[in-house]
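Subject: Handover of a structure and notes on its side chains

Dear colleague,

Please find the structure below, together with its sequence. My notes on what was found follow directly after it.

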Amino acid sequence: MGVERGFALEDADGTVTHLPALWDDDRGIRMNEGGCDPDGRFYCGSMAYDKRPSAGTLYRLAPDGSVTVILTGVTISNGLEWSPDGAQAYYNDTPTQRITVFDYDFESGLTGQRTFVTVPGEAWRPDGLTVDAQGGVWVALNYGGAVRRYSPAGVLDEVIELPARKVTACTFGGPHLDELFITTSRENLEPSQDPLAGSLFRARVDVAGLPAREFAG
């Protein structure tokens, strides 16, 4: 898992082992979001508490405990998930308004970053994302009150509207992986604002998700 200044491992019995910190505590940086690649390596990206531009980094933790810097100059690292065949990975640096896509293989890792979709400003900011079994990309829209699905060709083909504006992430669950669980935030809101903000929502959809990949260490 990602923790404030790096990585930690949790055993099946709940024991948490913190790995050596990747930076000291005076930089105002924290880990934010990540996921495992098809070969069981865990990626997690960082961001500044004050959200200053280009302060974040995307890291990769290998099963042997070694850490590699994958991407620098990131502002808010979000939403890393692989295609069903494992050949591509989708990634958000939220303030860019873009979902980007990488090519992936074990030896080269993530290469060839390019724009998959540019999210219109009026739809607000792309936050966490997930990928379904058909290769569709579902992205949470922070301040946008919605989750959007884009086809593998980058065509918007479904929108789930929510009664809370700050939508932060989405993932598939349920016995058949056909339920989309959607998180929202109350950050910086007054008690009277957006009363359902901070809730966890569930939406039934007509496509299944992918099983979660596990860390190989």
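Aspartate 194 is buried but has no salt bridge. The nearest side chain of opposite charge is that of arginine 165, 5.7 Å away. Some terms need explaining here. Buried means under 20% relative accessible area, exposed means over 50%, and partly exposed lies in between (1.4 Å probe, protein chains only). A salt bridge is a side-chain nitrogen of Lys or Arg within 4 Å of a carboxyl oxygen of Asp or Glu. As for charge, Lys and Arg count as positive and Asp and Glu as negative, while His and the chain ends are not counted.

Please note that this is a predicted model, in which local features need pLDDT of at least 70 and side-chain atom pairs count only at pLDDT 80 or more, whereas totals for chains, interfaces and linings use all residues. Residues are numbered from 1 along each chain as its sequence is written, and side-chain values use heavy atoms, with hydrogens and water left out.

Where does aspartate 194 lie? Its place is in the loop between strand E17 (179–184) and strand E18 (200–204); strands (E, at least two residues) and helices (H or I, at least four) are DSSP runs, numbered from the N terminus. A polar atom of the aspartate 194 side chain lies 3.0 Å from the backbone nitrogen of arginine 165. Leaving aside residues up to four places away in sequence, aspartate 194 touches Pro163, Ala164, Arg165, Lys166, Arg186 and Leu189, where contact means heavy atoms within 4.5 Å. Arginine 165 also has its charged end over the ring of tryptophan 124, 5.6 Å from the ring centre. For this, NZ of Lys or CZ of Arg must be within 6 Å of the ring centre and within 35 degrees of the ring normal.

The salt bridges come next. The whole structure holds 9 of them. One joins glutamate 179 and arginine 202, at 3.3 Å from N to O. This pair links distant parts of the chain, with glutamate 179 in strand E17 and arginine 202 in strand E18, 23 residues apart. Glutamate 179 is buried at 6% relative accessible area, whereas arginine 202 is exposed at 54%. Salt bridges that share partners also join Asp132, Arg149 and Asp157 into one network. Another salt bridge is formed by aspartate 50 and arginine 52 (3.0 Å, N to O); aspartate 50 is exposed at 52%, and arginine 52 is partly exposed at 33%.

A search for aromatic pairs finds 8 in the whole structure. Rings of Phe, Tyr and Trp (its six-membered ring) pair if their centres lie within 6.5 Å; planes under 30 degrees apart count as stacked, over 60 as edge-to-face and the rest as tilted. Phenylalanine 7 and phenylalanine 42 form an edge-to-face pair, 5.7 Å centre to centre with 70° between the planes. Phenylalanine 7 is in strand E2 (residues 6–10) and phenylalanine 42 in strand E5, 35 residues apart. Both phenylalanine 7 and phenylalanine 42 are buried. The ring centres of tyrosine 43 and tryptophan 82 are 5.4 Å apart and their planes are at 55°, so this pair is tilted. Tyr43, Trp82 and Tyr104 form one aromatic cluster.

Finally, serine 54 has a positive phi of about 65° although it is not a glycine. Serine 54 is in the loop between strand E5 (42–48) and strand E6 (56–61).

Yours sincerely

Notes
Polar contact = N/O pair within 3.5 Å; in protein donor to acceptor, adjacent residues only side chain to side chain.
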